[in-house]
Structures are given as structure tokens and as C-alpha cells.
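Colleague: I have a few questions about this model before I set anything up. Can we go through them one by one?

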Amino acid sequence: MKIYLLTISLIFFNSCQTTREKFWKESNQHKLVATCKDIAAVTAKTGECIQKTCKPGVCKTGNCLNGKGSMLFPEGSSYVGSFVDGEFQGKGTLNLCDGAVIEGAFQNGFAAGEANLFLADGSRYKGPVVNSKPQGYGMWVSADRSLLYEGDFSDGKKSGYGILESSDGGTWQGEFKNDQLDGEARFKNKEFSLNGKWKAGKQIGEHKYLDINGPGYVRFSDDGTILEAKTAEDIKNDRVAMQIFARALKAQKDQSDLRKDKDFCNKLMYQLADFVGSSKHIGCSAQCRSACGNMWDINSKDGDRCERQCRLCWQVLEFEPNDCKSVSPYPMVMPDRI
């Protein structure tokens with residue numbers, strides 16, 4: 001059922017692509033002029049309220065009781081539109097002194113129903129509003145048009161299911177709460193996608209990674225820090241490196257103490273170097289790291305030749321693939337620590 005609903009959502013989003021792009025490209029024809037801060041509300045009856053102080057407006061033109069007119073408020077807010085019983089009622093445009101603009105239908109002094117909002121930060125919203133705040137399914141675009149959101153709003157914030165697109169091709173789709181991703185969501189760009197859980201705008205837990213080579217994973221901490229990341233290419237190369245290690249270990253006659261066998265260490269390191277040197281994977285230390293990790297676990301302690309050799313391999317192979325073959329993993333001088 002969940003997959004079915006997701007499919008419907010994707011089809012719906014795709015069908016709205018033209019509308020979304022049109023909204024994205026629309027120019028901001030309103031010059032937002034701010035003459036005040038911390039405005040709470042503006043209505044004809046209560047007046048212009050900044051924090052807890054409200055001052056009445058003055059009817060400048062027309063009929064501001066029952067009809068059409070314009071009203072100006074002390075700090076610079078203004079309203080042009082319909083009045084009923086001395087209150088904003090019907091179609092109108094409200095310019096707030098903090099720079100925001102509300103175009104649409106008003107009810108009992110507040111915008112209600114479908115409206116266009118030009119917010120004080122320069123961003124825009126189009127969709128349903130309640131008490132002059134976005135509420136329901138609408139669209140929002142940032143002031144610089146680098147981000148566009150289409151989805152659910154609650155009490156003026158992105159909350160519910162939605163899709164957020166960036167101008168550079170990135171897309172976030174999933175659950176939002178208080179203007180941030182919170183819940184199951186998917187990120188996708190031209191190169192890869194990530195599916196997993198978000199909390200307060202940060203990725204947490206294990207996310208499924210997918211690129212042109214296949215699936216991988218990325219593990220995040222609770223604060224959004226990447227703990228581990230593996231692409232399909234990483235996983236493939238790790239598997240090959242471990243096969244090289246397993247074959248070398250099987251060929252070793254005396255497995256009682258690998259620390260005393262220089263030939264085993266050297267042969268294994270060269271085999272790994274040959275493998276990662278021919279790999280197309282950028283950054284070739286991961287495979288050496290996997291095999292070396294197993295070597296250390298079997299029988300090694302700090303300062304032993306095998307461990308130093310492995311650490312050197314790890315360090316030396318931290319080059320682009322074309323450089324790996326040209327650098328010997330067996331330097332003449334081997335330090336105790338790296």
C-alpha cells in the first residue's frame with residue numbers, strides 16, 4: 001500500500017512539473033520595502049500591531065466601512081481592497097510594514113483561502129492560507145530562486161509531505177516538520193541517490209546509496225556526521241581485496257605467527273598494490289585498509305614488521321589510481337609508526 005501511495009505521489013509531482021517550473025520562473029514584481037520590525041498583525045479593527053502595541057489606521061480613499069477603499073497605518077502598512085463592517089473582507093492586497101505582501105481574499109481581517117504571499121525575506125508562496133499563514137498544499141520559492149518547495153504547510157511552515165528542489169539539480173522528497181526534513185526522505189541528484197531517515201534536518205542512521213554502479217550505503221550518527229560510506233564500487237573492490245588476502249593466507253604454510261614472515265607480508269602488499277593500481281576507483285587505500293585490518297586482527301601488535309608494512313601500504317597508496325603502480329609499497333626505510 002505504501003509503495004502504491006508513493007507511486008501516486010510521484011505521478012502527481014511529475015504532472016505538476018510545468019506548474020512548478022512556471023512558478024519558479026515568475027519574477028518578483030513587488031518591491032519589498034520594510035519600515036518596521038517584529039510586526040504581529042494588521043487588521044482594520046485592531047490596527048497595526050507591533051509586538052503588543054496596536055495603532056489604528058486611517059482611511060485614505062473610498063469606503064473603508066462597507067465597500068472598496070484604501071487604509072494606511074502609522075508604521076507604513078497599507079491595505080487596498082474590500083471592506084465589510086469596517087474590516088478587511090473580500091479581495092484585497094495587504095502590504096505589511098516589515099516588507100511582506102499578501103494578495104488574495106480576506107475574511108474577518110486575515111487572508112483566507114488561495115493567496116499569493118511575498119514574504120519579508122524575499123521568498124514567495126502560492127497556495128491556501130489560514131489567518132494569513134500558509135496552510136495546506138502550496139508552493140514556495142526562495143528569494144534567490146535557488147530552492148523551490150511544493151508540498152504540505154502547517155502554521156506557515158513546511159510540514160508534512162513535500163519535495164524540495166535546488167537549482168543545481170538536487171531533490172529532497174519526503175517528510176518535513178518545522179521547515180526541516182524530519183522522517184523518511186530521499187535525496188537525489190544527477191550522480192546518486194540516498195534513502196533514509198532524517199531528524200531535525202540531519203541525516204541519521206543508515207541510508208541506502210545508489211549510483212550508476214549499483215547500491216551501497218552511508219551510515220550517519222545522530223548528529224548527522226558520516227560514520228561510514230560505501231559505494232557499489234567500494235564494496236566490489238573490498239571483496240576483491242579480501243579474496244587476495246584469503247588466497248595469500250591459504251598459501252601460507254605456517255599461520256602460527258605472521259609477524260615473522262617477511263615474504264608473506266611483502267607478497268600480500270604487492271598483490272594489493274597491483275590490484276588497487278589497476279583499479280578505476282579513485283582513492284585506492286580502502287582495499288588495502290580492509291585486508292590490512294584482517295591481518296592486524298589475526299596476529300599483530302604495534303611495532304611489528306607486518307603492521308608497519310601494512311600501514312605504509314595504506315599511506316603510500318593514498319594517490320590517484322594512475323600513481324599507485326609507480327609507487328612501491330615497500331620503502332627502504334620503514335618507521336615504527338606512521
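Colleague: Which residue in β3 stands opposite Cys49?

Modeller: This is a predicted model, so I go by its coordinates. Strand β2, residues 47–50, pairs with β3 in the antiparallel sense over three bridges. In β3, the residue opposite Cys49 is Cys54.

Colleague: What is the strand order in that open sheet of three strands?

Modeller: The pairing is antiparallel. The edge strands are β1 (39–43) and β3 (53–55), and each pairs on one side only. From one strand to the next, the twist averages 15°. The order is β1-β2-β3.

Colleague: Which members of the group Val42, Phe83, Leu94 and Phe106 does Phe88 touch?

Modeller: Phe88 is itself one of the core residues that touch the most other members. Residues up to four places away in sequence are not counted here. Its contacts include Phe73, Tyr79 and Gln107. From your group, they include Val42, Phe83, Leu94 and Phe106.

Colleague: Is Gln89 buried, partly exposed or exposed?

Modeller: Gln89 lies in strand β7, residues 87–95. Its relative accessible area is 25%. Buried would need under 20%, and exposed over 50%. Therefore Gln89 is partly exposed.

Colleague: What is the distance from a polar side-chain atom of Gln89 to the backbone nitrogen of Asn108?

Modeller: The two residues are 19 apart in sequence, yet their C-alpha atoms are 6.0 Å apart. Gln89 also touches Tyr79, Ser82, Phe83, Val84, Phe106 and Gln107, among others. The side chain of Gln89 reaches the backbone nitrogen of Asn108 at 2.7 Å.

Colleague: Is Lys158 buried or exposed?

Modeller: Lys158 sits in strand β14, residues 157–166. Beyond its sequence neighbours, its contacts include Trp140, Tyr149, Phe153, Phe176 and Asp179. Its relative accessibility is 10%, and the cut-off for buried is under 20%, so Lys158 is buried.

Colleague: What is the relative accessible area of Ser159?

Modeller: Ser159 is also found in strand β14. Leaving aside neighbours within four places, its contacts include Tyr149, Asp152, Ser154 and Lys177. Ser159 is buried, and the value is 17%.

Colleague: Which residue in the hairpin of β19 and β20 takes a positive phi near 90°?

Modeller: Strand β19 (214–220) and strand β20 (226–230) pair antiparallel over four bridges. Five residues lie between the strands. The residue with that phi is Gly224.

Colleague: What is the phi of Arg145?

Modeller: Most residues other than glycine have a negative phi. Arg145 has a positive one. Arg145 is in the loop between β12 (136–141) and β13, and it is partly exposed at 35% relative accessibility. Its phi is near 60°.

Colleague: Where does Ala200 lie?

Modeller: Ala200 is not a glycine, but its phi is positive, about 50°. It is partly exposed, with a relative accessible area of 42%. Ala200 lies in the loop between β17 (192–199) and β18 (202–211).

Definitions and conventions:
Residues are numbered from 1 along each chain as its sequence is written. This is a predicted model: local features need pLDDT of at least 70, side-chain atom pairs count only at pLDDT 80 or more; totals for chains, interfaces and linings use all residues. Side-chain values use heavy atoms; hydrogens and water are left out. Two strands pair if DSSP finds at least two bridges between them. Helices (H or I, at least four residues) and strands (E, at least two) are DSSP runs, numbered from the N terminus. Axes are lines fitted to C-alpha atoms, for helices over the stretch in contact, and angles run from 0 to 180 degrees between N-to-C directions. Buried means under 20% relative accessible area, exposed over 50%, partly exposed in between (1.4 Å probe, protein chains only). Contact means heavy atoms within 4.5 Å. A polar contact is a pair of N or O atoms within 3.5 Å; within protein, one must be able to donate a hydrogen and the other to accept it, and residues adjacent in sequence count only if both atoms are side-chain atoms. A nonpolar core is a set of buried Ala, Val, Leu, Ile, Met, Phe, Trp, Tyr and Cys residues joined through side-chain atoms within 4.5 Å.
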